[in-house]
Amino acid sequence: MAPSRKLPCVCIFFFYLCGFLIVSSSSSTFNLTLSHQHSDPESVALDVQRRVKVSLSRRQLLSTQQKDQCRTGNPIDDCWRCDSNWAANRQRLADCAIGFGRGSLGGKGGQIYVVTDSSDHDPAHPTPGTLRYGVIQEQPLWIVFSTNMVIKLKHELIINSYKTVDGRGANVQITGNGCLTLQYISHVIIHNIRVYDCKPSGHTMIASSPTHVGYRGTSDGDGISIFGSSNIWIDHCSLSHCTDGLIDAIMGSTAITISNNYFSHHNDVMLLGHEDGYNLDAGMQVTLAFNRFGVGLVQRMPRCRSGYIHVVNNDFTHWEMYAIGGSANPTINSQGNRYTAPANPSAKEVTKRVEADEREWANWNWRSDGDLMVNGAFFVPSGAGLSAQYSRASSLEPDSAGLIDQLTTNVGVFGGQRDNGDGVSNSGFNGGGTSSGGIGGSSGGSDGDYFGMIFGSGSSTTSSSIFLSLLIIVAWYTVTTNRGYLLL
């Protein structure tokens, strides 16, 4: 059969269609909205400040004895720690988040899964009773620990959606290879876990669900890696000494709260955003609240690329280069923090614009409101941050950073070096769920191929992927037509 004379027209049609989709996709890429991105981030910042004020006001009304028992003014801790029977109602914790990660359900409504085995012998076929076995299950689970344990990971721990890893009542330490990976999932709470000495690993098979085992390349050695994920809450963890970042959130991750954590002994503490040209990260929204950035830190607390970052009531006690850095025009809303500069006269500035001159960053919206600057620290504002009326959030003056000691008194893991001795008991490991013990039956299938190029039903398509796909179609069509086959 002779090649069709329609070939030139067909090719023109394909290239026209290709160009149309590229232009359309390119235009839409710059206006993408992530599925869990909040339409009014200023209102979320305002809500955090309101919650702090309410908790502080309640504390003022209590007797001295009542204040010592539980009330610190920290709205997260006051939400659950004042319940003397909290261990019988563990899942109440899911109602205590604030900020952009407030919607994180974790394993709320699911069964209690008890980790009884600290081993990690086979990441591709984890043993029941191990942490790895629990976090890959498909149904919601509230994961607790039967006793104190050190879990030395053989390879990165792939966590599935709708999981809470709740270390309250035990001294739980996670270390080793890869550490915690949250990749294209949602609704995860990580609470009261020490994460340290995490190293790169990979080139092996790892399970991401009970029915899916896939090949993993080399991980970066982050303490907690958040990749294309949403509705994430990391609270009361202690993180230190990892190869790459302590917490990194990239590739269109959003709806994240990082609160009450203690960071120490690390260079690149926290990265928020993949790279300057990655447009999906413009929808990243992160709340950093009541954390303490402690001894031995150098930079990136955090280092931001685009998005909206609310930094509120944190205690920055140490840095060697800078505290908050960024590029690609992120909004940084710093409220009620305490910044204590190092002795080095060349490192007093809190902020750093990365690889950008003043003509580029002059319009970036970086603002400081109610922050306490200690030992010569100074914050360089820009954009709308230079205006006294930059946002609705400014209409509610943040509480004095002089309350930071009170708000961050229990940062990090309870009973650890950052706790003031007011630990919690080792009881109640079977309470608080819809049923106790065991995992129960599986429900539903996987949301996608965690190790391929497409993940889940809600993945966004970029112009480059459309362009590549269309080029493959055109090439395939041309080759087969030249062989004498008409495909239309």
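Reader: In which strand does His266 lie?

Author: His266 belongs to strand β18, which covers residues 266-268. Helices (H or I, at least four residues) and strands (E, at least two) are DSSP runs, numbered from the N terminus. The model is predicted, so local features need pLDDT of at least 70 and side-chain atom pairs count only at pLDDT 80 or more, whereas totals for chains, interfaces and linings use all residues. Residues are numbered from 1 along each chain as its sequence is written, and side-chain values use heavy atoms, with hydrogens and water left out.

Reader: Is His266 buried or exposed?

Author: Buried means under 20% relative accessible area, exposed means over 50%, and partly exposed lies in between, with a 1.4 Å probe and protein chains only. His266, at 7%, is buried.

Reader: Which residues are in contact with His266, leaving aside its neighbours within four places in sequence?

Author: Contact means heavy atoms within 4.5 Å. With those neighbours set aside, the contacts of His266 include His241, Cys242, Thr243, Asp244, Gly296 and Val298. Asp244 is 22 residues from His266 in sequence, and their C-alpha atoms are 8.8 Å apart in space. The backbone oxygen of Asp244 comes to 2.3 Å from a polar atom of the His266 side chain.

Reader: How should I read strand pairing, and what is the strand order of the open sheet?

Author: Two strands pair if DSSP finds at least two bridges between them. Here, an open sheet of 9 strands runs in the order β3-β6-β9-β14-β17-β21-β25-β28-β31, with parallel pairing. The edges are β3 (149-153) and β31 (372-374); each has a single partner strand, so one side of each is left without a neighbour in the sheet. Within the sheet, β14 (residues 238-240) and β17 (residues 262-264) run parallel and are joined by 3 bridges.

Reader: How many bridges join β7 to β12?

Author: Strand β7 (residues 180-183) and strand β12 (residues 224-227) are parallel and share 4 bridges; Leu182 has Ile226 as its bridge partner in β12. Strand β12 also pairs with β15 (residues 247-250), again in the parallel sense, over 4 bridges. There, Ser225 is partnered by Asp248 of β15.

Reader: Which residues have the most contacts inside the largest nonpolar core?

Author: A nonpolar core is a set of buried Ala, Val, Leu, Ile, Met, Phe, Trp, Tyr and Cys residues joined through side-chain atoms within 4.5 Å. The largest one has 66 residues, and Leu131, Phe145, Phe263 and Tyr339 have the most contacts inside it. Apart from this core lies another, of 24 residues, including Val48, Trp233, Val312 and Phe414. Phe263, beyond its neighbours within four places in sequence, is in contact with residues that include Leu239, Ile258, Met270, Phe293 and Leu297.

Reader: How many salt bridges does a search of the whole structure find?

Author: Side chains of opposite charge can pair when their charged atoms come close. A salt bridge is a side-chain nitrogen of Lys or Arg within 4 Å of a carboxyl oxygen of Asp or Glu. The search finds 15 of them. One is formed by Glu42 and Arg367, whose closest N and O atoms are 2.4 Å apart. Glu42 lies in helix α2 and Arg367 in strand β30 (residues 366-369), so the pair ties together parts that are 325 residues apart in sequence. Helix α2 spans residues 41-61. Both Glu42 and Arg367 are buried, with Glu42 at a relative accessible area of 15%.

Reader: Which residue meets Arg51 in a salt bridge?

Author: The partner of Arg51 is Asp47, at 2.7 Å from N to O. These two residues are 4 apart in helix α2, which means a separation of about one helical turn. Arg51 is partly exposed, at 26%, and Asp47 is partly exposed, at 23%. Arg168 and Asp166 form another salt bridge, with 2.8 Å between the closest N and O atoms; both residues are buried.

Reader: What share of the residues in the protein is buried?

Author: Of the 488 residues, 55% are buried. The protein has 8 helices and 31 strands. Of the contacts between residues at least 6 apart in sequence, 66% join residues at least 24 apart.

Technical notes:
Polar contact = N/O pair within 3.5 Å; in protein donor to acceptor, adjacent residues only side chain to side chain.
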